[in-house]
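Try each task before reading its solution.

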Amino acid sequence: MNEFDRRSIIAAGAGLLVAGTGAKSSESSGKEVGAVEDLMREHGVLRRALLAYRNMAAKLRANPANFDPELLGRTATLFRTFGEDYHEKKLEEEHIFPLLRQAGGPAAAYVDTLVAQHRRGREITDYFLGTARKGAIGSGEVETLAYFLDGLDLMYAHHAAREDTVVFPAWKNILSARQLEDLSELFEEIERRQFGKDGFEEAVSRMARVEDALGIANISQFTPPLPPNA
Ligand SMILES: [Fe+2]
Ligand SMILES: [Fe+2]
């Protein structure tokens, strides 16, 4: 490679970096995280919280003595601060749903249901936080708590799957490349304002600690055995 080629490549790289400043950069790598990837990886954190809930429901039903209210409290607190107060209220309800409503179409038809599910999710989180604060689960409460742990899990599995495949792609389609970059930047600002740091990385490590305590950190335990021969 001659000096001219080398310089052209360096200049092109610098241009890309400048063009990319509107998008969020992840501390460790300096690589961009755009608004949609941001939203979807937040769903990943929430999915991990829901898998923790699913494990708690199974423990409650199998042997309530193995259920730890403190872990319910920690998971519900993360769901509240990261999922409800930030992802749902500050991003989806303020910046995504209003635009989709205006644009109309199949994705807009989901918005009322998604908002109603956010609201119901908050009510269920209130119930989890209240239950965790009491510190002990009475035998009469076991099935009700397990029912709502599973219920929230099922609701959000459907909810986030529709957002990932219909709502976010439709939202991205409405926006110009420039608008999307600006919103990626804005989302980063909101995250910093809300958490004072990288809220995503902190949420991932908090979930990892809950998973450790629940005994679900090693995911190889969830690989099923070989199926029977057909
Ligand atoms: Fe949502
Ligand atoms: Fe969402």
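Helices (H or I, at least four residues) and strands (E, at least two) are DSSP runs, numbered from the N terminus. Keep in mind that this is a predicted model.

**Exercise 1.** List the elements of the chain from the N terminus on.

Solution. Start with the count: the chain has seven helices and two strands. Now put them in order. From the N terminus, the run is α-β-β-α-α-α-α-α-α.

**Exercise 2.** Find what percentage of the chain is buried.

Solution. The chain has 230 residues. Of these, 27% are buried. A residue counts as buried if 20 or more other C-beta atoms lie within 10 Å of its own.

**Exercise 3.** Describe how α3 and α6 pack.

Solution. Locate the helices: α3 covers residues 69-103 and α6 covers residues 177-195. Their axes lie 11 Å apart, at an angle of about 145 degrees. The crossing is right-handed. Next, find the residues that meet. α3 brings Tyr86, Lys90, Leu91 and His95. α6 brings Leu183, Phe187, Ile190 and Gln194. Sort the residues of this contact: five are nonpolar, two polar and one charged.

**Exercise 4.** Compare the span of α4 with the expected value, then look at its buried residues.

Solution. Helix α4 (residues 111-134) has 24 residues. Just after α4, glycine 135 has a positive phi of about 85 degrees.

Terms used: Residues are numbered from 1 along each chain as its sequence is written. Chains are lettered from A and ligands numbered from 1 in the order in which they are written. This is a predicted model: local features need pLDDT of at least 70, side-chain atom pairs count only at pLDDT 80 or more; totals for chains, interfaces and linings use all residues. A residue is buried if 20 or more other C-beta atoms lie within 10 Å of its own, exposed if 12 or fewer, and partly exposed in between; C-beta atoms are placed from the backbone. Axes are lines fitted to C-alpha atoms, for helices over the stretch in contact, and angles run from 0 to 180 degrees between N-to-C directions. A crossing is left-handed if the near helix is turned anticlockwise from the far one by less than a right angle, and right-handed if clockwise. Two residues are in contact if their C-beta atoms, placed from the backbone, lie within 7 Å. Ala, Val, Leu, Ile, Met, Phe, Trp, Tyr, Cys and Pro count as nonpolar, Asp, Glu, Lys and Arg as charged, and the others, Gly among them, as polar. The expected span of a helix is 1.5 Å times one less than its number of residues.
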